[in-house]
Amino acid sequence: MSVLILTGCAGALQDSRTGSLKGMPMQIDIQKEIPLAPLTTLGVGGPAARFYRCQNEWEVLILSEFARKEALPLFVLGGGSNLLVSDEGFPGLVLQMAITGVEREGDVLRVGAGVVWDDFVQQTVDAGLQGIECLAGIPGTVGGTPVQNVGAYGQEVSETIVSVRCFDTVTGQYVDLSNEACGFAYRTSRFNTTDRGRYIVTRVDFRLRAGGAPCLKYADLRKHFEGKPQPSLAEVAEAVRVIRRGKGMVVDAGDPNSRSAGSFFRNPIVPKEILLKVSEAAGIGVDAVPHWPAGEGMIKLPAAWLLEQAGFVRGYAMGRAGISSRHTLAVINRGEATAADIIALREQIIATVRLKFGIELEQEPVNVA
């Protein structure tokens, strides 16, 4: 373990609303060679050369500066639910985000990036606040949700995010990015595209609706409540967890299907003309191919359906890696898998779908190497 003693801090770190400084630490203990596999839901990967759990914004600033001066690559870890860590691990400094706290001002909730996401969802439905009830059961922390614009069962976080507070590693200053400035799109944002690695999220502000009716857009949810009275927000959140658990998409130490990084591939958005080629390759009519409109001249295809048509069905195994027996899109660690095992299965899936349909699947989990 190495120790970094703080004798002074450059730069002005102020709360965006009050202007006050937040918790300056006097000493920081940076750990060495910390295994990352136990900190991820997929459970693969090597160690972090340096590791630290940040509990306030001062620490984020100081550790970022330390990494810059030492020429260390920097990676921010949340709940570890959307990661594929290489077997060699990470050669730089991993900051695990542990900033907690939830503050409410009217219909706006300011939430620390280290708050467990599902705990926050439960807090909102218990308070009768509508807007994220369909995102229950998703593993990870609040800070990761704007990065990939987390969405499920008819809702996306971009629908309720007011702003995202971040440390800008380029300018060395904190900024508050508006919803529009975040560049949200399907499963993406500026944080994982044009500005990947630049910003460290420390807080997310959400605007929710008091007394709003729950969102029942998704077919599985409508079916779950068919013939029943209008459900409460809490009932919808719990129903989502039940549905997700049935697909092995809720972290459960007793369920081997949950040793995954969630949905491993994004649903591809392709030109509408591709639909005919897909139908011919699958040997079915165009109308039988599941798809949804995705903007002018574009459609979205379900990646799970493409995998199944390519032979990668539930329960498919390739050595120590495989596909969940409950959810086609979940690539799982079947037991003592390495990152290389997961990557080999990923490459086989991508190549087979490309050959059969001419569609290039994109991995959703972040590569850490």
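Buried means under 20% relative accessible area and exposed means over 50%, with partly exposed in between; these words are used in that sense in the legends below, which describe a predicted model.

**View 1. Asp 176 and its two arginine partners.** Asp 176 forms a salt bridge with Arg 165, in which the closest N and O atoms are 3.2 Å apart. This pair links distant parts of the chain, with Arg 165 in strand S12 (residues 161-168) and Asp 176 in strand S13 (residues 173-178), 11 residues apart. Asp 176 also forms a salt bridge with Arg 203, where the closest N and O atoms are 3.5 Å apart. Because Arg 203 lies in strand S14 (residues 199-207) and Asp 176 in strand S13, this second pair ties together parts that are 27 residues apart in sequence. Both arginines are buried, Arg 165 with a relative accessible area of 2% and Arg 203 at 7% relative accessibility.

View 2. The closest N and O atoms of Arg 110 and Glu 105 are 3.2 Å apart, and the two residues form a salt bridge. Arg 110 counts as buried at 15% relative accessibility, whereas Glu 105, with a relative accessible area of 43%, is partly exposed. Salt bridges link Glu 57, Glu 105, Arg 110, Arg 165, Asp 176, Arg 203 and Asp 205 in a network. The structure as a whole holds 21 salt bridges.

**View 3. The lining of the largest cavity.** A search of the whole structure finds 1 cavity of 30 Å³ or more, and the volume of the largest cavity is about 40 Å³. The residues that line this cavity are Leu 36, Leu 39, Thr 40, Phe 75, Leu 77, Leu 83, Val 85 and Val 368. Strand S4 (74-77) and strand S5 (83-85) each supply at least two residues of the lining. By class, the lining comprises 7 nonpolar residues and 1 polar residue, with no charged residues.

View 4. The structure holds 0 disulfides. For Cys 134, the closest cysteine sulfur is that of Cys 215, and the two sulfur atoms are 4.3 Å apart, which is too far for a bond because a disulfide requires a pair of cysteine sulfur atoms within 2.5 Å. Cys 134 counts as buried at 0% relative accessibility, and Cys 54 is likewise buried, with a relative accessible area of 0%.

Technical notes
Residues are numbered from 1 along each chain as its sequence is written. This is a predicted model: local features need pLDDT of at least 70, side-chain atom pairs count only at pLDDT 80 or more; totals for chains, interfaces and linings use all residues. Side-chain values use heavy atoms; hydrogens and water are left out. On a 1 Å grid over the protein atoms alone, a cavity is a set of points where a 1.4 Å probe fits but cannot get out, and a pocket is an open set with protein on both sides within 12 Å along at least five of seven lines; lining residues have an atom within 4 Å of a point. Grid points are joined across faces, edges and corners, and a volume is the space filled by probe spheres set on the points. Helices (H or I, at least four residues) and strands (E, at least two) are DSSP runs, numbered from the N terminus. Ala, Val, Leu, Ile, Met, Phe, Trp, Tyr, Cys and Pro count as nonpolar, Asp, Glu, Lys and Arg as charged, and the others, Gly among them, as polar. Buried means under 20% relative accessible area, exposed over 50%, partly exposed in between (1.4 Å probe, protein chains only). A salt bridge is a side-chain nitrogen of Lys or Arg within 4 Å of a carboxyl oxygen of Asp or Glu.
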